[in-house]
Amino acid sequence: GHSDRYFKKKKEKMKRGHQDTLHGGGGWYAVAPEMERGKRKTTMGAEEGGEVDELLAALGYKVRSSDMADVAHKLEQLEMAMVSSAATNDDALLSHLASDTVHYNPSDLSTWVDNILSELNAPPPPLPTPPPLTSADAYDLKPLPALPAPADPLVLGSDLQSEVTPSPRDRKRMKVCSSPPSSSTTTDTATSAAAAMPVVVVDSQEAGIRLVHALLACAEAVQQDNLKAADALVKQISVLATSQGGAMRKVAGYFAEALARRIYRPQPRGGVGCCSFDSVAFDDMLHMHFYESCPFLKFAHFTANQAILEAFAGCRRVHVVDFGMRQGMQWPALLQALALRPGGPPSFRLTGIGPPQPDNSDALQDVGWKLAQLAESIRVDFRYRGFVAASLADLEPYMLLDQDADGGGGGKDEEPEVVAVNSVFELHRLLARPGALDKVLGTVRAVRPRIVTVVEQEANHNEGTFQERFTEALHYYSTMFDSLEGGAAAAGADDGGPDQALSEVYLGRQICNVVACEGAERTERHETLAQWRGRMDRAGFEPVPIGSNAFKQASMLLALFAGGDGYRVEEKDGCLTLGWHTRPLIATSAWRVAAPAEDPLSASAAR
C-alpha cells in the first residue's frame, strides 16, 4: 500500500518488469503484515548514528534513511539474480525463497539482501554422475546436422517461412532469453550479469526436422513395445510442435494425441471420441464442413455423377444405390442434370444406405423428403427408399431389388431398370471385418449394375507394420492439412473460418483411428488405386474408363475453386485422381460386372 509507493520513490532505478515477473504488482519485498494507520506516524530513534526510516520501521525493518539508495540498488541486483536463476531452476529457487520469506522475517533488510545475493551468486554444485544409458535413452534425440534431401521428401506444411520475418527468404527464428530486456538505467553490475546470460536461437526448420524424427522414433518405440521411450518421445513432440506454425503444428498435434492414446489406452469417455465414431450426427456434421472447405468431396461427387450420367444415357428407368447417403449432398446435381437431359428426364429411384442414429431418428427419411421436394420442383419422377444398416455387409440383394415395396414395380412391357451403385469413402471400412468386403461385392454383383463408382483415399493405411502405416499416414495427412492451409490462404482467410477448423477435426479423427486403434476398431483402412484394382478384379469386376469429358470438367471445376492452383487432376489408367501439387490424395474409379469367360470351344463353334 503506502509503503510500496514510498519505497518506489526511493528506488527510481527499479524495473517494473521484474516486479511483475516475480509476484505481480508491488514486488516481493512489499509483502508484510498490515500495520495500523497510527503506527505509520511513529518516530523511531536514531540508531548507529542515523535516523531510521519511519515507514519501513513500522513494517518491522530497520533501514537508515541515508542507506535507502544503497538498499534499493541491492534489491535491484537481487531481482536480476533471482530472474536469472529462475530461468534455470524455477522450482528449487522459488521453493527456497518461499521458505525463507515465510519462516524468517529479518529486521535488518540490508544485511538480509546481501545474504541472499551471496547465495544466488555462489558457484553451482557439481553435477551428479549421469546414470548408465538405458534402452529408452536410445530414442533421445540429439541436435541433428543438416540432412540430405530424401528421395521422397516429407512435406509437413508450407509455412516454414515466418509471417513476422523481415524478408521472405529468412527463416523463422524464435529467441528464448533467460532474462528480460534490460533498461537503459541498469547499473554496470546488472548489465554485466545480463551480458553473461545465454541467448538461445532456435531455428524452426531445424526444430521441424527434429519433430519429424521424434514422431518416427516414437512410432518405432511403440512398434517395439518400448513404452518408456514412447512416453518420453510423446512429451518431446509436444514441446517441439510449439515452435512450428500452421499445418505442421496442427498435424503434429493430432499425431501426438493419437500416439498418446495408443500408449496410455485411456478408457472411452463420453462425447466425441477419435477412435470410435461414437456420434453419427457429429461425424455427418464434420463431413459437411469438410465438403465446404475443400474440393475433395465436390470432386468425388462430380466425377462419380458424370460416370453415372454417361451410363444412364438413353435409359428411361434408372436406379442409384448410395452406400453412404449422409446428407444426400451428391444427388441434387444429378437430379438437375437428368432434368435437363434431351428427351426429358427418366424415372429416377434412389436407395440410400446409412447407419443407425444414436437417438433412433430417421435422418435418411428427412434427406429423402428434401430430395423429393427438389425433384418435384424440376419435374423429375422420383422415388426414394432409405435403409438403416450398421454395416454394408448386412445388406442382401433382395433389399435393393424389391420394387413392390415402394410401388415401383412395372408391367412386363416396361423397360427394365438400369442400376448404378455408388460408394464414396465407404468400402475401406469393410476391410476391418474379414470377409465383409467380399460379401458386399457379391451383393453388388447380384443386382447386375451397369456401373459401380468408387471413390477412395489414395493411400495405404491398411497393410504393413505399424511403423510403415504411421509413416505413410504422416505423409498423407501432412499433405491434406497443407492443402487446407493453402486453400484458406488463397481465399484470403487468415484462419480459414469454422469450415477449416472442423475439417481439421474431421481429418484428426481419421488420424487417431489409423494410429491409435487396432482390430475391428481400426476402420480407416485406406488402400491405393492399384490395391483396389486387384480387389475388384478378383471379385468379378472390370474397369470402365472415365471419359476425357469428366477430366476436362473436373479441371474447370477446380479452376473456379479458391486455392485451386495447388490442386491437380490427373488421369491414371482410366481413373481420375485429385491431389495437392504432386501428391494424389483421392481417386475415382468406375467398374462393371465382368462378362463371364467365354469357352474357347463354344466360341470357335459359333464362328
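Among contacts in the protein chain between residues at least 6 apart in sequence, what percentage join residues at least 24 apart? The figure is 77%, where a contact means heavy atoms within 4.5 Å. Keep that in mind as you click around.

**Before you start**

You're looking at a predicted model, in which local features need pLDDT of at least 70 and side-chain atom pairs count only at pLDDT 80 or more, while totals for chains, interfaces and linings use all residues. Residues are numbered from 1 along each chain as its sequence is written, and side-chain values use heavy atoms, with hydrogens and water left out.

**Stop 1: the whole chain**

Show everything as a cartoon. The protein chain has 21 helices and 13 strands; these are DSSP runs numbered from the N terminus, helices being H or I with at least four residues and strands E with at least two. Of the 607 residues, 46% count as buried. Buried means under 20% relative accessible area, exposed means over 50%, and partly exposed is in between (1.4 Å probe, protein chains only).

**Stop 2: strand β6**

Select residues 347-354, which make up β6. Eight of the eight residues are buried, so the strand is largely enclosed by the rest of the structure. Now turn on side chains. In a regular strand they alternate between the two faces of the sheet. Here Ser347, Arg349, Thr351 and Ile353 point one way, and Phe348, Leu350, Gly352 and Gly354 the other way.

**Stop 3**

Jump to residues 575-580, strand β12, where six of the six residues are buried. Cys575, Thr577 and Gly579 point one way, while Leu576, Leu578 and Trp580 point the other.

Which strands sit beside β12? Strand β11 (residues 567-572) is joined to β12 by six bridges, and strand β13 (residues 583-593) by five. Both pairings are antiparallel.

- Arg568 has Gly579 as its bridge partner in β12.
- Thr577 stands opposite Ala587 in β13.

Then check the turns. β11 and β12 form a hairpin with two residues between them, and Asp573 in that turn has a positive phi of about 55 degrees. β12 and β13 also form a hairpin with two residues between them, where His581 has a positive phi of about 55 degrees.

**Stop 4: helices α17 and α18**

Select residues 466-490 (α17) and 497-516 (α18); they pack at an angle of about 175 degrees, with axes 10 Å apart. Axes are lines fitted to C-alpha atoms, for helices over the stretch in contact, and angles run from 0 to 180 degrees between N-to-C directions. The two helices are therefore roughly antiparallel, a label for angles over 145 degrees. Residues making the contact include Phe466, Tyr477 and Phe481 of α17 and Leu507, Ile511 and Val515 of α18.

α18 is mostly covered, with 14 of its 20 residues buried.

**Last stop: Val251**

Finish in helix α10 (residues 246-264), where you'll find Val251. Is Val251 buried or exposed? At 1% relative accessibility, Val251 counts as buried. Now show Phe481 too: the C-alpha atoms of Val251 and Phe481 are separated by 6.9 Å, though these residues are 230 residues apart along the chain.

Technical notes:
Pairing = 2+ DSSP bridges. Parallel < 35°, antiparallel > 145°, perpendicular 65-115°, else oblique.
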